[in-house]
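Some words used for protein structures rest on a number and a cut-off.

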Amino acid sequence: MRVNDAIIGAVLLAFAIAMFAYARTLPAIPGQEYGAAVFPMLISTGLAGCGILLIASGRRHWQGAVVWNDWARTHHAWVRLAVVFALILAYILAAPALGFVPISIVILLVFLVMMGVRWWIAAAVAVAATFLIQQTFVGLLRVPLPLGLLGP
């Protein structure tokens, strides 16, 4: 199944507009040159630009809103899609209790093995990516991630 780029671009543009509008309501941080709204507004501006480019591309190559490809008719493709949604739901439900690090390693490991990566490479990538993401968000951006089992 292939959804036309114009449809995806329109959804992305609508999301970017809503995100930008919400970000404008975030309060300023006292003593800071920039507030909590700066980063979401920058991201929403980039998403809006990508949405506009996708709309233009989709209009040029229009073959219909949805085109069903052969891979979309297989059982495995739908199982993989369901697993991705289940992994997202698992993170939402389990991260507060287990913490970011353990649940992220498990989710990445399951996803990579499902995509055909050998288990030992998948394990190494899952640990390295989790460490990198955790250091980036906690160390550099000062975004608190759930500690769960690793907390006090």
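Q: What counts as a helix here?
A: A helix is a DSSP run of H or I with at least four residues, and helices are numbered from the N terminus. The model is predicted. Phe39 is found in helix 2.

Q: Why is Phe39 called exposed?
A: The relative accessible area of Phe39 is 54%. Exposed means over 50%, so Phe39 is exposed. Along the chain, Phe39 and Ala23 are 16 residues apart, and 8.7 Å separates their C-alpha atoms.

Q: Why does Thr45 count as partly exposed?
A: Thr45 is placed in helix 2. Its relative accessibility is 47%. Buried means under 20% and exposed means over 50%; the value of Thr45 falls in between, so the residue counts as partly exposed. Thr45 is 29 residues from Ala16 in sequence, with 6.9 Å between the two in space, C-alpha to C-alpha.

Q: Why is Gly35 called partly exposed?
A: Gly35 has 21% relative accessibility. Buried would need a value under 20%, so Gly35 is partly exposed. Its place is in the loop between helix 1 (5–23) and helix 2 (38–60). Not counting residues up to four places away in sequence, Gly35 touches Ala28 and Ile29. Gly35 and Leu145 are 110 residues apart in sequence and 20 Å apart in space, C-alpha to C-alpha.

Q: What makes Tyr91 and Phe100 an aromatic pair, and what makes the pair edge-to-face?
A: The count comes to one aromatic pair. Its members are Tyr91 and Phe100, with 6.3 Å centre to centre and 80° between the planes. Ring centres must lie within 6.5 Å, and planes over 60 degrees apart count as edge-to-face. Both conditions hold, so Tyr91 and Phe100 form an edge-to-face pair.

Q: Are Tyr91 and Phe100 buried or partly exposed, and how do you know?
A: Phe100 has 8% relative accessibility. That is under 20%, so Phe100 counts as buried. Tyr91 has 27%, which lies between 20% and 50%, so Tyr91 counts as partly exposed.

Q: Which residues make up the largest nonpolar core?
A: It has five residues: Leu87, Ala94, Ala95, Ile103 and Ile107. Helix 3 and helix 4 (100–114) each supply at least two residues of this core. Helix 3 gives the most, with three residues. In soluble globular proteins, nonpolar side chains tend to be buried together.

Q: What makes up the nonpolar patch on the surface?
A: The patch consists of Val66, Trp68, Trp78, Leu81, Phe85, Ile88, Leu89, Ile92 and Leu93, and together they have about 940 Å² of accessible area. Helix 3 (residues 75–98) gives the most to this patch, with seven residues.

Q: How do you know that Ile92 is exposed?
A: Ile92 lies in helix 3. Its relative accessible area is 54%. The cut-off for exposed is over 50%, so Ile92 is exposed.

Q: What is stated about phi of Arg142, and why is this residue called exposed?
A: Phi of Arg142 is near 60°, a positive value in a residue other than glycine. Most residues other than glycine have a negative phi. Arg142 is found in the segment after helix 5 (119–140). Its relative accessibility is 66%, which is over 50%, so Arg142 counts as exposed.

Technical notes. Residues are numbered from 1 along each chain as its sequence is written. This is a predicted model: local features need pLDDT of at least 70, side-chain atom pairs count only at pLDDT 80 or more; totals for chains, interfaces and linings use all residues. Side-chain values use heavy atoms; hydrogens and water are left out. Patches are made of residues with over 30% relative accessible area and no salt bridge: like charges are joined within 9 Å, nonpolar side chains (Val, Leu, Ile, Met, Phe, Trp, Tyr) within 5 Å. Accessible areas come from the Shrake-Rupley method with a 1.4 Å probe; for residues, only the protein chains shown count as cover. A salt bridge is a side-chain nitrogen of Lys or Arg within 4 Å of a carboxyl oxygen of Asp or Glu. Buried means under 20% relative accessible area, exposed over 50%, partly exposed in between (1.4 Å probe, protein chains only). Rings of Phe, Tyr and Trp (its six-membered ring) pair if their centres lie within 6.5 Å; planes under 30 degrees apart count as stacked, over 60 as edge-to-face and the rest as tilted. A nonpolar core is a set of buried Ala, Val, Leu, Ile, Met, Phe, Trp, Tyr and Cys residues joined through side-chain atoms within 4.5 Å. Contact means heavy atoms within 4.5 Å.
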